[in-house]
Amino acid sequence: MFQVHSDFATDVQFSSDGTKLVSCSRDKTIKIWEFGLMKEICVLKGHSNCVNSVEFSCDSNTIVSCSDDNTIRLWDVQSQQEIRKFEGHNREVTCVRFSTDCLFIVSGSSDETIRIWDVQSGKEITKLKKHSRSVTDVQFSSDGQTIVSSSFDKMIGIWDAKSTKRIYTLLGHSSYITKVQFSPDGLFIASCSTDASIRIWDVQSGKQVTKLLGHTSDVLDIQYLSNGQTLVSCSTDGTIRWWDVQSKQEIQRLEGHTERVPTCLCISPDDDTIISASNNGILYLWG
């Protein structure tokens, strides 16, 4: 357990080689950590409001971040400097992720749009406006051909990344969708919601194939293990749970946040460690 931020931790991610962590917070900062020692390497400052999402590039040399200050920023890990600012969203940028080849960035915002950006030029390539409320999450599939998005409008969108046409709209959650996640093979999408459910969807058919129930309150984040058969989730009920997708059963429960709420989580590339962040800026490490 490590105190890493002075306020609500909003996102935490591993580098591709598993040696570093990046975290962000409502305290407006981004921090890079040496994972083995949980030693702070540096603090990146530049955003003027809550930082909502961060991610390492595929080579771990760059970090992308987004903020309630309406901007997306690119940071050089070695020099610890901001190298590019992406502007275009006119409200809070809630989520941002690299494409697998790291040539593009996809972002979602409270302005109800999804935008695709060219990393090198910093220019906006495409703007999609198909959600009717804030976009809560976006992600490229592993082959970079598809984008998934979720929103407060209770809808999940599957998009063709090149044509930007919507392939499917997935409906089923009865309340806000908080996160969406492609399976490692890109054949399925997992989603979680403030309706306390986790759902699995078939990408090819757009049909719901599994519903996982057990959490007693809002489910805030989900992550697949690399085998694609195990999901890990965290909830405002204070628990982190492991699920077997095929049997639809909860297989393990982690309790330790007590009165603190786990806000987000990430899994190391070797699947050996789970990091969960809390609403008071503490990171928890689970073997």
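## Overall build

Of the 287 residues in the protein chain, 58% are buried. The model described here is predicted. Its chain contains 28 strands and zero helices. With a radius of gyration of 17 Å, close to the 19 Å that the globule rule gives for 287 residues, the chain is as compact as a globular protein of that length.

Taken along the principal axes, the box filled by the C-alpha atoms is roughly 45 × 45 × 30 Å. Among contacts between residues at least 6 apart in sequence, 39% join residues at least 24 apart.

## The largest pocket

The largest pocket has a volume of about 1000 Å³. It is lined by 38 residues, and the closest to its centre are Q13, E55, Q139, Q181 and Q223. By type, the lining divides into 17 nonpolar, 14 polar and seven charged residues.

At least two residues each come from β2 (9–14), β6 (51–56), β10 (93–98), β14 (135–140), β18 (177–182), β22 (219–224) and β26 (262–267).

## The second largest pocket

The second largest pocket holds about 680 Å³ of space. Among the 26 residues lining it, F8, N52, T94, T136 and F152 are the closest to its centre. Two or more lining residues are given by each of β2, β6, β10, β14, β18 and β26. The largest share, three residues, comes from β10.

The lining of the second largest pocket consists of eight nonpolar, 11 polar and seven charged residues.

## Nonpolar cores

The largest nonpolar core has 14 residues, of which V232, I240, W242, L254, I274 and W286 touch the most other members. The elements β23 (230–235), β24 (239–244), β26 and β28 (282–286) each give two or more residues to this core. With three residues, β28 gives the most.

One member of the core, W242, can be followed through its contacts. Leaving aside neighbours within four places in sequence, W242 is in contact with L225, T230, L231, V232, Q249, E250, I251, Q252, L254 and I274. Apart from this core lies another, of 13 residues, among them V4, F14, L21 and F35.

## A buried strand residue

V148 sits in strand β15, which covers residues 146–151. Its relative accessible area is 0%, so V148 is buried. Beyond its neighbours within four places in sequence, V148 is in contact with D137, V138, Q139, I156, G157, V180, F182 and I189. One of these contacts, Q139, is also among the residues closest to the centre of the largest pocket.

D160 is 12 residues from V148 in sequence, and the C-alpha atoms of the two are 9.1 Å apart in space.

## Two loop residues with positive phi

A196 is not a glycine, yet it has a positive phi of about 75°. A196 belongs to the loop between β19 (188–193) and β20 (197–202). Its relative accessibility is 14%, so A196 counts as buried, the cut-off for buried being under 20%.

D271 is not a glycine either, and it has a positive phi of about 65°. D271 is in the loop between β26 and β27 (274–278). At 21% relative accessibility, D271 counts as partly exposed.

How values were computed
Residues numbered from 1 in each chain as written. Predicted model: local features only at pLDDT ≥ 70, side-chain atom pairs only at ≥ 80, totals over all residues. Heavy atoms only, no water. 1 Å grid on protein atoms, 1.4 Å probe; cavity = no way out; pocket = protein on both sides within 12 Å on 5 of 7 lines; lining within 4 Å. Points joined across faces, edges and corners; volume = space filled by probe spheres on them. Helix = DSSP H or I, 4+ residues; strand = E, 2+ residues; numbered from the N terminus. Nonpolar A, V, L, I, M, F, W, Y, C, P; charged D, E, K, R; others polar. Core = buried A, V, L, I, M, F, W, Y, C linked by side-chain atoms within 4.5 Å. Buried < 20%, exposed > 50% of the residue type's maximum accessible area, 1.4 Å probe, protein only. Contact = heavy atoms within 4.5 Å. Rg over C-alpha atoms; globule rule 2.2 N^0.38 Å.
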